[in-house]
Amino acid sequence: MRFSEYQRLSRETAVYPQLGDNLVYPALGLCGEAGETAEKIKKAIRDDGGVLTDERREALAAELGDVLWYVAQLATEAGLELEMIAATNLDKLASRQRRSMLHGSGDRR
Ligand SMILES: [Mg+2]
């Protein structure tokens, strides 16, 4: 599945106040789902010695899907295309890799 197809299809399932003019709702949802994702990892560390069981891996995949859904809705609300976001991100990382700048910090490396 292409990102563009995911973005279009996921939008058909979007139901929240002021749909189409609401950056806040998907931004908050993204933070919430990122937290749920972190919880899955935390519990693997706490309960399973850091081992990702099949059950927890499945739960992690579901949370990552939730993260992806909110990323798609936030991108749509902002008038951005996931396909472009993904390509631009890879271009940025490839550039940093070529320049041996993958380590370190700063958004504009
Ligand atoms: Mg979730």
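Author: Let us take helix 3. Its buried residues pack against helix 1 (3-11), helix 2 and helix 4 (82-98). Keep in mind that this is a predicted model.

Helix 3 has 24 residues. From its first C-alpha to its last it reaches 35 Å. That is close to the 34 Å expected at 1.5 Å a residue.

Which residues of helix 3 are buried? They are R56, L60, E63, V67, W69, Y70, A72, Q73, A75 and E77. Look at how such positions can line up. An α-helix has 3.6 residues a turn, so residues three or four places apart point the same way.

Now walk along the helix, starting with R56. R56 lies in helix 3. Is R56 buried or exposed? Its relative accessibility is 16%, and buried means under 20%, so R56 counts as buried. What does R56 touch, apart from neighbours within four places in sequence? Its contacts are K40, K43, A44, D47 and D48.

Next comes E63. Its relative accessible area is 9%, so E63 is buried too. E63 is also a ligand of the magnesium ion. The ion is coordinated by E33 (OE), E36 (OE), E63 (OE) and D66 (OD), at 2.1 to 2.2 Å. In sequence, these donor residues follow the spacing E-x2-E-x26-E-x2-D. The pair E33 and E63 links distant parts of the chain. E33 sits in helix 2 (residues 24-48), while E63 sits in helix 3 (residues 54-77), 30 residues apart. What about the burial of E33? At 12% relative accessibility, E33 counts as buried.

Move on to E77. E77 is in helix 3 as well. Its relative accessible area is 13%, so E77 is buried. Set aside its neighbours within four places in sequence. E77 is then in contact with R11, Y16, Q18, L19, G20, D21, N22, L23 and P26. A polar contact of 2.5 Å joins the side chains of E77 and Y16. E77 and Y25 are 52 residues apart in sequence. In space, their C-alpha atoms are 9.8 Å apart.

Finally, step past the end. Just after helix 3, G79 takes a positive phi of about 75°.

R56 touches residues including K40 and K43. E77 makes a polar contact with Y16.

Methods:
Residues are numbered from 1 along each chain as its sequence is written. This is a predicted model: local features need pLDDT of at least 70, side-chain atom pairs count only at pLDDT 80 or more; totals for chains, interfaces and linings use all residues. Side-chain values use heavy atoms; hydrogens and water are left out. Donors are N, O and S atoms within 2.8 Å of the metal (3.2 Å for Na, K and Ca); water is not among the atoms, so sites may look incomplete. Helices (H or I, at least four residues) and strands (E, at least two) are DSSP runs, numbered from the N terminus. Buried means under 20% relative accessible area, exposed over 50%, partly exposed in between (1.4 Å probe, protein chains only). Contact means heavy atoms within 4.5 Å. The expected span of a helix is 1.5 Å times one less than its number of residues. A polar contact is a pair of N or O atoms within 3.5 Å; within protein, one must be able to donate a hydrogen and the other to accept it, and residues adjacent in sequence count only if both atoms are side-chain atoms.
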